Amino acid sequence: MTGGTLRTAGAFTTSDGTRLRVLDEGPADAPVTVVFVHGWTLTMHAWDRVASGLPKAAGSQPRSLRFDLRGHGGSDPAQPGSASIQRCAEDLAELVRARAPEGPLVLVGHSMGGMTIMALAEAHPELFARRVAGVALVSTSGGDLGKPGFRLPRPVAAVANRGERMIRKRLAASHGTRLSSRSRWLQPGMRWLLFGARPERADVAVTADWVAACHPANMAAYRETLAEHDRLAALAALRSIPTIVLSGLSDRLTPHSHARRIAEALPDAKLLIYADAGHMLPLERADEVTARIAELVTRAIR
């Protein structure tokens with residue numbers, strides 16, 4: 001591709017016929033493409049601030065490619081049996097082949113998006129060897145998510161996990177297309193579960209909106225695949241690639257201990273842990289996250 005500036009909001013159809021909503025922005029001849037992958041129950045818009053701030057932070061305008069995972073946002077629901085991290089990784093591989101077939105890539109994943117990148121490395125290590133010039137793993141985990149502790153006393157966490165499993169069963173049996181028609185009732189829970197100290201009210205509200213719009217049965221199925229996720233070994237494909245690992249000290253879903261385990265598997269990675277921040281670093285610490293990704297972009301260009 002040469003010349004011109006892209007800003008295309010459209011769709012991409014995967015090999016199994018699932019339509020994904022895609023946003024493609026930046027110069028058509030940019031020297032590097034940044035691919036953003038969002039987390040469970042969220043949408044591509046969780047990356048809005050980071051993507052919009054990246055050109056200024058990097059001193060140049062890379063191309064950015066964002067999409068809603070199947071069962072999320074404006075994408076089609078996942079077909080039965082396909083709401084999994086592994087399938088999301090294949091969607092990512094197909095999207096890159098079709099929309100960014102040449103040039104260096106910087107892959108950025110938040111939460112389940114980071115796990116999707118790990119699954120991509122597991123299934124397609126050759127892509128990392130040939131084209132991936134940088135990786136950012138934000139508020140994510142290499143595994144051990146079956147019974148999260150939520151930063152609660154162990155007996156209380158056990159009760160919370162039992163309750164969550166009961167809710168998961170009900171969601172799995174749901175025939176609805178969205179979790180809830182209203183999101184306000186979700187805000188207190190989102191505030192406690194996903195954010196650190198002093199979040200912006202608008203951030204809590206929009207996060208609740210994203211979660212409310214999530215496909216219920218897909219939401220439950222993805223929770224199962226999160227519990228099964230075990231991909232620290234897949235990080236071997238990243239050992240020669242510049243990588244940053246970012247975590248919030250107050251993250252209840254993927255605690256900073258998970259980030260430390262990822263960093264132990266990648267001794268040359270840069271590990272940064274943010275005090276008073278929770279799980280939603282792309283919102284809570286947008287400027288810092290943008291700056292760190294900009295470092296990867298600048299390095300990839302050089």
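Author: Helices here are DSSP runs (H or I) of at least four residues, numbered from the N terminus. The model discussed is predicted.

Reader: Which helix supplies the largest share of the lining of the largest pocket?

Author: Three helices, α5, α6 (187-194) and α8, each give at least two residues to the lining of the largest pocket. The lining holds 31 residues, and among those nearest the pocket centre are W40 and E164. The largest share is six residues, and it comes from α5.

Reader: What is the volume of the largest pocket?

Author: The lining of this pocket divides into 22 nonpolar, six polar and three charged residues. M190, L193 and M219 are among the residues nearest its centre. The volume of the largest pocket is about 940 Å³.

Reader: How many residues apart are R223 and E164?

Author: The side chains of R223 and E164 meet in a salt bridge, at 3.4 Å from N to O. This pair links distant parts of the chain: R223 lies in helix α8 (residues 216-228) and E164 in helix α5 (residues 154-172), and their separation is 59 residues.

Reader: Is R223 buried or exposed?

Author: Buried means under 20% relative accessible area. R223 has a relative accessibility of 6%, so R223 counts as buried. For R223 the answer is buried.

Reader: About how many helical turns separate D91 and R87?

Author: D91 and R87 form a salt bridge, with the closest N and O atoms 2.8 Å apart. D91 and R87 are both buried. Because the two are four residues apart in helix α2, their separation is about one helical turn.

Reader: Where in the chain is D76, the partner of R19?

Author: R19 and D76 form a salt bridge whose closest N and O atoms are 3.8 Å apart. The pair links distant parts of the chain, 57 residues apart, with R19 in strand β2 (residues 19-27). R19 is partly exposed at 34% relative accessible area, and D76 is partly exposed at 26%. D76 sits in the loop between β4 (63-67) and α2 (85-99).

Reader: How many salt bridges does the structure hold?

Author: The pairs discussed above include R19 with D76 and R223 with E164. For the structure, the number of salt bridges is 18.

Key: Residues are numbered from 1 along each chain as its sequence is written. This is a predicted model: local features need pLDDT of at least 70, side-chain atom pairs count only at pLDDT 80 or more; totals for chains, interfaces and linings use all residues. Side-chain values use heavy atoms; hydrogens and water are left out. A salt bridge is a side-chain nitrogen of Lys or Arg within 4 Å of a carboxyl oxygen of Asp or Glu. Buried means under 20% relative accessible area, exposed over 50%, partly exposed in between (1.4 Å probe, protein chains only). On a 1 Å grid over the protein atoms alone, a cavity is a set of points where a 1.4 Å probe fits but cannot get out, and a pocket is an open set with protein on both sides within 12 Å along at least five of seven lines; lining residues have an atom within 4 Å of a point. Grid points are joined across faces, edges and corners, and a volume is the space filled by probe spheres set on the points. Ala, Val, Leu, Ile, Met, Phe, Trp, Tyr, Cys and Pro count as nonpolar, Asp, Glu, Lys and Arg as charged, and the others, Gly among them, as polar.
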